[in-house]
Amino acid sequence: MSAVLLIDKNKVRRSFASAVDSYDELATLQRKVGLQLMRQFFLQNGCEQVVDIGCGTGFLTQQLIDQASVSQVVALDIAWSMVQRTRVKLEASDSVYYICADAERIPLKKQSADMIVSNLALQWCQNLTAVFDGFKKTLKPAGGLLFSTFGPATLQELRLAWAKADDYDHVNGFYSTDDLQEFLVQAGFKNIMMETKIYQSSYQSVVELMRELKGIGAHNMLAGRNRRVTSKSNMQTMISAYEKDRVNGGISATYEIIFVTARAE
Ligand SMILES: C[S@@+](CC[C@H](N)C(=O)[O-])C[C@H]1O[C@@H](n2cnc3c(N)ncnc32)[C@H](O)[C@@H]1O
């Protein structure tokens, strides 16, 4: 398995909390991936009690409560303002429970959920053993898990460009399909299936890409990141290295998305 990712949990909470007003305008990829995840959800049977982990501003939560089979959704997020935004958007729908909690310690009853769903949130969790153990306990024996997360090729262009400028980790690391498989097997999940898709997004400039990452709350959350302000000259070196690969007037960023389904038993 790759090295364990050391994520600064407080930074995760703060970054997403401060992105609550800009998130919806910028989260085009997250919505695209969320809709793809819902296509997989349609293939699952008998899901009444569903948990949405890392609900953000509630895009997936809304999709879930629109499903005829779903009678109750728990919308859970580590950032209080995200939970609040979902609550306001869904007009405190009485089929949704709102919880501000960490996915590594979900405060839900044992065997209470038919399905746990998560769209592009689990990459911000450090301890996936704790996450999947908790999910396994919360799921009913016939329950299922469905999530999307980023894979290691995500933002590879930005990572390479920074490597030309200094020796710090500026881009979060992401677990591979092999790592995820191992975590899920350890937690006792069965019928694990994974599919990887590459999405390419275009930006007019590196600055536009970095503004988007900041605006959706996706800062560098690595505990070992450079905490000093990056110098102007290092930033310029990184930007020049990235922009050497301009195509049709823009720069491209890779997002590797891993879609996972698994059964509790
Ligand atoms: C990129 S957003 C995705 C939001 C939503 N699922 C969507 O599809 O738009 C990631 C969300 O995960 C939440 N998050 C990150 N780490 C978490 C953790 N350990 N426990 C619960 N939520 C977490 C963040 O606060 C953020 O709202």
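User: What makes F16 one of the residues around the ligand that come nearest?

Analyst: A residue counts as near a molecule if its C-beta atom, placed from the backbone, lies within 6 Å of it. Of the 23 residues around the ligand, F16, G54, G56, A103 and A121 come nearest. Two or more residues of this shell come from each of α1 (9–18), α3 (28–42) and α4 (59–65); helices are DSSP runs of H or I with at least four residues, numbered from the N terminus, and strands are runs of E with at least two. This is a predicted model, in which local features need pLDDT of at least 70, side-chain atom pairs count only at pLDDT 80 or more, and totals for chains, interfaces and linings use all residues. Residues are numbered from 1 along each chain as its sequence is written.

User: Why is the protein chain called as compact as a globular protein of its length?

Analyst: The chain has ten helices and seven strands. Its radius of gyration, taken over C-alpha atoms, is 18 Å, close to the 18 Å from the globule rule (2.2 Å times the number of residues to the power 0.38) for 265 residues, so the chain is as compact as a globular protein of that length.

User: How do you know which residues V51 touches?

Analyst: Contact requires C-beta atoms, placed from the backbone, within 7 Å. Leaving aside residues up to four places away in sequence, V51 touches V74, L76, L108, A113, I116 and T138.

User: What share of the contacts in the protein chain with a separation of 6 or more comes from residues 24 or more positions apart?

Analyst: Such residues account for 78% of those contacts.

Key: Two residues are in contact if their C-beta atoms, placed from the backbone, lie within 7 Å.
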